[in-house]
Amino acid sequence: MKVKFQIGYLFLATALTIPNIAFAQESPITFKAQELQNIAQKYTGSTVNWPLVINLATHNTEDNSFTITPSQLQELQNFSQVSTQVVNQKERISELISSGATVFAPDQYSEVQELITEYTKAVNDGEIEKAFDFGNRVKPAVDLMETTLFENRIVDVQAQLADKTGKVDRRKGLLGSWIDAMKGDLFAQSDGIRTFIESYALLSFVDGSNIQVEPNTIAVIRKSRIDRLNDAADTEITLEDGGLLAKLSAAGKNKSKYTLNAGSSVSELRTQNFYAETDTSDLVKLTNYDGQAIVNSNDVSITIRENEGTIVERGKAPMQPVKLLPSPTLTWANTDTVVNNQTIVFSFDEIEGAENYRIQYDSSPNFTENVVDVETNETSLALDNLPMGMTYVKVQAIDNLGLRGPFSKTARIIRTIDDVPPPIFIDDMNGEVLLTGSGSLQMTGVTEPEARLVIEGNSVRVQSTGRFSYTVSNVESTKDITLTATDRAGNKGSKNIRVIRLTEEKLYNFRLRSATNSTLSAIKSGSTTFSGNLYPGIEIVLTNENRKERVRTDFNGNWGITLDLVPGQLTIEFKHAKSGTLYSSKSYTVE
């Protein structure tokens, strides 16, 4: 008699070893209840499938044993393939959940979960046919979930022509015709871009990276996608002819994938500054200025690191990495120079091993407006016809292989018509007067950064910010000071100031008026008015026990205040109204 038997005690017993059973079983097998898990593992591939074994087997209640026929064993063995497949799909589901399946394929994820639930229920109920049905439907459902996930998560995006100089063309698709490109145009997958002599283009991507297309260049966007899960870009550019400078953002370098095809080389970029140059001779020059790039050609891969380069010829392995020449050092004292003429000589130190030098100058700091590109064997270049305003200049050294080293610091040249004398500003001035409570004063102020400053006939150092400091000494009562500043254009500005020493005789020569006829020698409590005349910009602070009152001198230097004095201490302070510098302080007793 066949009995549906559910037992809880079976799993409490220690599993026993069972005889080896051939998978081509020609006779029934009989086993004890304690061997149920081992039978399920052996014939279905997992101990969790024991309900299927119970449901198929015939139970002998007298000795608590089970018998399974050869056909039933074959059925269980057939199910083991389904069971293994479901286990594999569960691992795959976990990976897809980590990849965003619940967000980008929610309907398909729900369907997969429902199938897993139904499959598990069929196994637990011992219904092998239903378990076969639901188990076989899991993998196709997971396949659909994966397809939907990546269709929704990985989306094509377009690069934008962010800037251009001169004539730039675009081509829609690989078979399209070349037409004029306008700033702001979008470039999709398979679109091409073409520049001509003395023309540049700047392509920007969604992660902040950009590609600078140099003159006489043709390039094609092979791929431009974004992963919506982590905003990582997947971009592939093919350089057919000319030169490209890839400037990846920090995000692009760290998490996006940028691939550059040039000639027979394929470079995976992990750098924020990478240059590629090729021509019809199938010779590719690659230089890397940051991070690293993996270059593959002819089934050989090399890594070029910061300030290294390589050359790739078709049919050959890449040349081993070559150290680039260092960037030239400018001979100027600083990178900012103000000129009043149309011409200036841009000079730099010689680099050992340099075949020549490449100098670029432009009105744009990004070198994308009106770039002038000059190659020279000399270590200087006369820049003629400088426009008014700012011009940016930089230089790089080129070795005997034609590899370009890193650019120098960018120098800024400001051309201006300068007939304005440099200004001179003095801190803590009261009109044209500086006040001090002693015989000396630390005078501070600001003028133009490169001005020559003279005070009292002494040359005074001016900081790069234009700030200066000078000690005025030997101030007895009043002292007249002249400051003269001369800029690089020869314009001269002067400032005359007077330094006044605040003596106690002047400060404490104030009046008291009260009903009790108070004087400074005998201050009496009650309502008392204090008044005097000093200079503008002075604050008087009167403190009587816990009460503090303040008053400032007016534009004529007059001041006055009334206090209801109480017996005790009275302190009178004279300070600079803005800086709070203390000139003098005295205390009195209030009777």
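In this predicted model, helix H5 (residues 106–124) packs against helix H6 (residues 128–153) at an angle of about 160 degrees, and their axes lie 9 Å apart. Because angles over 145 degrees count as roughly antiparallel, H5 and H6 are described as roughly antiparallel to each other.

**The helix pair**

- Where H5 passes H6, the crossing is left-handed.
- On the H5 side the residues in contact include Tyr109, Val112, Leu115, Ile116 and Tyr119, and among those they meet in H6 are Phe134, Val138, Ala141, Val142 and Met145.
- Sorted by class, the contact between H5 and H6 is made up of 14 nonpolar, 3 polar and 3 charged residues.

**The five-stranded sheet**

- An open sheet with mixed pairing is built from 5 strands, which follow one another in the order E30-E36-E35-E32-E33.
- The edges are held by strand E30 (433–436) and strand E33 (458–460), each of which has a single partner strand, so that one side of each is left without a neighbour in the sheet.
- On average, and with direction ignored, neighbouring strands of this sheet are turned by 30 degrees against each other.

- Strand E32 (residues 452–455) pairs with strand E35 (residues 478–486) in the antiparallel sense, over 4 bridges.
- Isoleucine 455 has leucine 483, in E35, as its bridge partner.

Definitions and conventions. Residues numbered from 1 in each chain as written. Predicted model: local features only at pLDDT ≥ 70, side-chain atom pairs only at ≥ 80, totals over all residues. Heavy atoms only, no water. Pairing = 2+ DSSP bridges. Helix = DSSP H or I, 4+ residues; strand = E, 2+ residues; numbered from the N terminus. Axes fitted to C-alpha atoms, helices over the stretch in contact; angles between N-to-C directions. Parallel < 35°, antiparallel > 145°, perpendicular 65-115°, else oblique. Left-handed = near helix turned anticlockwise from the far one by under 90°. Contact = heavy atoms within 4.5 Å. Nonpolar A, V, L, I, M, F, W, Y, C, P; charged D, E, K, R; others polar.
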